[in-house]
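Let's take a friendly walk through a protein model together.

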Amino acid sequence: MVHRQLPPLPKYRKDAVTRRLCAAVHLDEQFARQVHEEFSEDRMKAHGLPLGINLVAVVRHARVAAERMDVRDRQLGWLFFACWAAALVLLYGLFGGVSVAVTSGCFALLAVPCAAWWLVHRTEAKARSAALDAFESGAEPENLAPPVAPEVEARLQELRQKRINFVPYAADAERSTPFVGSGKKIKEAVWQPIDVSRPADAPTGGKLTITSFDAVALHTYVANEMANIAGLEGLRAKNRLYVLGTHVWHLGPEALPDPLARPRSQVPKQLVQAGLVQPGAGMRTYLSLERVAEGGRVIVSMHLRARLHHPSLTWEVAAYAIPPVHRRYAQVEYLPRDGFRQWWSLVRCASGQTWPALRGALGRNHRRRSEANRRARQMENVRKEISKRHAVYDYGAESSLRDRVSDWDEMGHSDRTDSQDFLHRLQQGVLIATERFLQDHNVDTSSFDQAQQVINTQTYNFSGDITGASNFGNNGQINVGQGPQPGGPAGGGQP
């Protein structure tokens with residue numbers, strides 16, 4: 001292979017999506033509060049997979065942004081009271097003929113809007129500065145914001161992509177897919193069965209003795225060899241136990257130490273292996289192969305499960321893709337950086353927001369407290385149902401942050417072709433790894449060769465409309481449309 005000395009071209013940052021979302025929480029109050037509530041508040045639902053996002057960094061910045069707006073609204077609330085007090089003093093002076101009261105009231109009525117304008121201006125300036133730092137700074141984004149509460153920080157640290165081996169999924173997802181938050185389904189199939197009962201021919205004649213193996217050994221081999229075989233740098237391979245959310249409690253304290261809290265994201269390796277060899281009710285282990293495209297723009301994943309039942313082996317395969325982030329979260333790219341335009345942009349923003357912010361401060365503060373109290377009461381009621389009435393609770397995740405902020409309208413030509421290439425490489429890599437594994441165990445691969453010819457006719461299509469049953473033709477091909485799939489705001493989820 002020839003290695004040419006060529007000038008480097010500019011590339012996306014590896015953490016570009018994380019930085020964009022860290023910046024977005026400073027500029028989008030609704031998004032900041034949703035992230036803060038979902039990951040920092042007292043909940044019992046499992047978190048979805050991070051999928052290329054540094055959740056520690058995003059949640060830290062969301063907490064800072066939410067607290068900044070809380071402080072602003074509390075101060076605006078006091079200023080609103082001061083405004084009414086000034087109006088009363090002015091009325092008293094006008095009707096009572098007290099000139100000092102009139103002067104004081106007029107001064108206060110002028111001072112309060114000025115103070116409110118300055119407060120809104122200062123808060124917006126801090127938000128923009130923090131957003132630009134998170135997006136452009138050379139420092140790690142998680143180091144640009146202080147840690148959250150210790151228990152939340154510890155839980156988020158466990159959600160590092162390489163560590164998660166246990167994924168509870170919501171009961172509603174059982175109808176379609178356990179791979180919640182992995183994006184749109186591109187393909188779902190069970191590959192052609194392979195006969196693994198016949199020994200291979202010996203070089204000197206006769207037959208070799210088959211070396212016994214199980215699905216765990218096959219999964220481990222494929223996970224270890226896939227990156228080199230597929231030629232995909234940065235490929236992530238991890239065996240994960242997917243469990244129906246209502247069945248998590250059956251696994252005991254190793255998966256759910258406290259029935260009134262969130263389940264773990266890591267469980268003993270033996271449980272993961274058991275979900276492959278002897279799956280339980282709503283409990284199966286899959287080998288997840290994930291490839292994050294340049295800058296995290298697109299995420300392609302393939303979930304595999306070896307079905308080894310003597311004398312045949314089949315692979316259950318499901319492929320998913322997550323498109324680029326919605327343009328709603330790209331506001332930081334359009335902020336003026338310096339000079340008159342930056343100054344004027346801040347002045348216009350503060351001038352347009354001051355009166356609505358001042359007028360609605362008391363209402364926002366009240367609604368915020370009411371919503372927090374409502375969520376706390378809801379959690380208390382749920383815990384009472386579990387502890388006193390032994391109610392079955394659905395601990396499963398419903399989605400992932402990365403999936404919710406994505407938008408298929410942002411999927412460009414290069415993104416589609418790169419994703420197709422990734423999936424073809426993954427498919428071919430699994431086939432090559434399977435063949436090598438069988439050869440190493442002295443299994444005759446003639447049945448595999450026949451199955452491979454059928455499997456290789458399957459394709460991955462990122463265009464066209466989803467039109468029901470017709471999508472399940474062509475050897476399991478599923479056509480995924482590119483029609484508008486608005487990546488709305490990240491929802492807070494249920495408790």
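A patch is built from residues with over 30% relative accessible area and no salt bridge, joining like charges within 9 Å and nonpolar side chains (Val, Leu, Ile, Met, Phe, Trp, Tyr) within 5 Å. A salt bridge puts a side-chain nitrogen of Lys or Arg within 4 Å of a carboxyl oxygen of Asp or Glu. Accessible areas come from the Shrake-Rupley method with a 1.4 Å probe, and for residues only the protein chains shown count as cover.

The model is predicted: local features need pLDDT of at least 70 and side-chain atom pairs 80 or more, while totals for chains, interfaces and linings use all residues. Residues are numbered from 1 along each chain as its sequence is written, and side-chain values use heavy atoms, leaving out hydrogens and water.

On the surface, Trp78, Phe81 and Leu362 make up a nonpolar patch with about 360 Å² of accessible area together. Phe81 belongs to helix α3 (residues 55–96). Helices (H or I, at least four residues) and strands (E, at least two) are DSSP runs, numbered from the N terminus.

| Pair | Direction | Bridges |
|---|---|---|
| β4 (residues 236–244) and β5 | antiparallel | eight bridges |
| β5 and β6 (residues 299–309) | antiparallel | six bridges |

Arg240 has Tyr286 in β5 as its bridge partner, and Leu287 stands opposite Leu304 in β6. The hairpin of β5 and β6 has six residues between the strands, and Gly295 there takes a positive phi near 70 degrees.

Technical notes. Two strands pair if DSSP finds at least two bridges between them.
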